Amino acid sequence: MEAALHNVSNKMQYFCDESGIDHESQYFAIGMLKTNSGQRRSLLSSIAQVRQEFDFWNEIHFTKFSYKRELVYKALIHNTLKQVDYRVIIVKRSLVNSKFFASPDYLMLNFFTCIMVKNFVKPKLGAVLYLDSKSRDKRDNGVDYLKQQVNLVKPGSIKAVEELDSKNSELIQ
């Protein structure tokens, strides 16, 4: 999948992922990476080099740690930090009034993801936004809601919202 992504023209692509969505965490975070085709190629190359150097083929998941993972994560940050345009919202769960979101966590997730995207994208960009598919609930129209709400505030900023499995996407990881 990633090979197809980085062959796309110089159009902007955003990759969004969440962390701490389960109720065990005091905080949850929604992060988003902004890329053009050159940045995607460079990032994917840097990630591949670090994976090869450390013989590390597992998912890049910052809640899992070992000595080897620490070395891999440090190398990834060192090799990619200057190449990225990344934003994150960190929310303290106890400050969120859950009665505004009924009960499903995905409604809260959609709301805060929408805030993140609205504040990061530019109008008339025509970008593609990739979301981690396992965090989205198929029972609501979260993907359609997100595209519609963002384009109301920033017209033409999002051309499409697509879901990817983060385990198969180096750029969402």
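## Helix α5 and the sheet

Helix α5 lies across β4 and β5 and runs at about 155° to β5. Angles are taken between N-to-C directions, from 0 to 180 degrees, with axes fitted to C-alpha atoms and, for helices, over the stretch in contact. Helices (H or I, at least four residues) and strands (E, at least two) are DSSP runs numbered from the N terminus.

This is a predicted model, in which local features need pLDDT of at least 70. Residues are numbered from 1 along each chain as its sequence is written.

## Length and faces of α5

Helix α5 covers residues 142–153; at 1.5 Å a residue its 12 residues should span 16 Å, and the 17 Å between its end C-alpha atoms agrees with this. The expected span is 1.5 Å times one less than the number of residues.

G142, L146, V150 and N151 of α5 are buried (under 20% relative accessible area, with exposed over 50% and partly exposed in between; 1.4 Å probe, protein chains only). These residues cover an arc of only 155° around the axis, which puts them on the same side of α5; the arc is that of the directions from the helix axis to the C-beta atoms. Exposed D144 and L152 sit on the face of α5 turned away from its buried side.

## The sheet

Five strands form an open, mixed sheet in the order β3-β2-β1-β4-β5. Its edge strands, β3 (85–92) and β5 (158–164), each pair on one side only, where pairing requires at least two DSSP bridges between two strands.

Strand β4 (residues 127–132) pairs with β5 in the parallel sense over six bridges. A127 has I158 in β5 as its bridge partner.

Terms used
This is a predicted model: local features need pLDDT of at least 70, side-chain atom pairs count only at pLDDT 80 or more; totals for chains, interfaces and linings use all residues. Side-chain values use heavy atoms; hydrogens and water are left out. Contact means heavy atoms within 4.5 Å.
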